Amino acid sequence: MNLQSFARKASNYATAGVPFLFIIDFELQKPMLYRLEDAENKGIYYNIKGKSNISTPALHPKVELKSTPIDKHFFSERFQKVITHLKNGDSYLLNLTFPTPIKINLTLAEIFREAHAPYKLLFKDRFVIF
């Protein structure tokens, strides 16, 4: 769905009072919009301040998590570069991030259920955010 179609569909749903969920990637290339009643059939689960389409209770399993953070020296070099640019006034908004491989004994659905957050999303067993 392109942005124009997305905007039109969102406007139509809003005007008609149809509850919907939208997901927009940071590059604005793949906006998605689903009626709340259709989300579960699409493999999308949400919990927005207690309003949810999942009723499976949390199981409280023992969590085993192992992360592999980046090298401290590698991070420090990049961090100092960021500080230099901030001091020069090159940027006022910055997000310094690096991928961190993790291993966990839970599925994405289990992570979704166990997370304590006002906003949660499980997207087609591909990713979970909270």
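Author: Buried means under 20% relative accessible area, exposed means over 50%, and partly exposed covers what lies in between, with a 1.4 Å probe and protein chains only. This is a predicted model, in which local features need pLDDT of at least 70 and side-chain atom pairs count only at pLDDT 80 or more, while totals for chains, interfaces and linings use all residues. Residues are numbered from 1 along each chain as its sequence is written, and side-chain values use heavy atoms, with hydrogens and water left out.

Reader: Does Thr97 count as buried or exposed?
Author: Thr97 sits in the loop between α3 (72–87) and β6 (102–104), where helices (H or I, at least four residues) and strands (E, at least two) are DSSP runs numbered from the N terminus. Its relative accessibility is 54%, and because the cut-off lies at over 50%, Thr97 counts as exposed.

Reader: In what order do the elements of the protein chain run from the N terminus on?
Author: The protein chain holds four helices and eight strands. Read from the N terminus, their order is α-β-β-α-β-β-β-α-β-α-β-β.

Reader: What is the radius of gyration of the protein chain?
Author: The radius is taken over C-alpha atoms, and the globule rule is 2.2 Å times the number of residues to the power 0.38. For 130 residues that rule gives 14 Å, and the chain lies well over it, so it is more spread out than a compact globule. The C-alpha atoms fill a box of roughly 50 × 45 × 25 Å along the principal axes. The radius of gyration itself is 19 Å.

Reader: How many residues make up the second, separate core?
Author: Leu106, Phe112, Leu122 and Val128 are included in this second core. Its residues number five.

Reader: What is the relative accessible area of Leu36, and does it count as buried or exposed?
Author: Leu36 lies in helix α2 and belongs to the largest nonpolar core. Leaving out residues up to four places away in sequence, it touches Pro19, Phe20, Leu21, Tyr46 and Lys51, a contact being heavy atoms within 4.5 Å. Since the limit for burial is under 20%, Leu36 counts as buried, at 16%.

Reader: Which residues does Ile23 contact, leaving aside its neighbours within four places in sequence?
Author: Ile23 is also a member of the largest core. Its contacts are with Lys30, Pro31, Met32, Leu121 and Phe123.

Reader: Near what value is the phi of Leu28?
Author: Leu28 is placed in the loop between β1 and β2 (32–35) and is partly exposed, with a relative accessible area of 45%. Its phi is positive in a residue other than glycine, near 55°.

Reader: What is the relative accessible area of His60?
Author: His60 is found in the loop between β4 (51–52) and β5 (65–67). Although it is not a glycine, it has a positive phi of about 55°. His60 is exposed, with a relative accessible area of 57%.

Technical notes: A nonpolar core is a set of buried Ala, Val, Leu, Ile, Met, Phe, Trp, Tyr and Cys residues joined through side-chain atoms within 4.5 Å.
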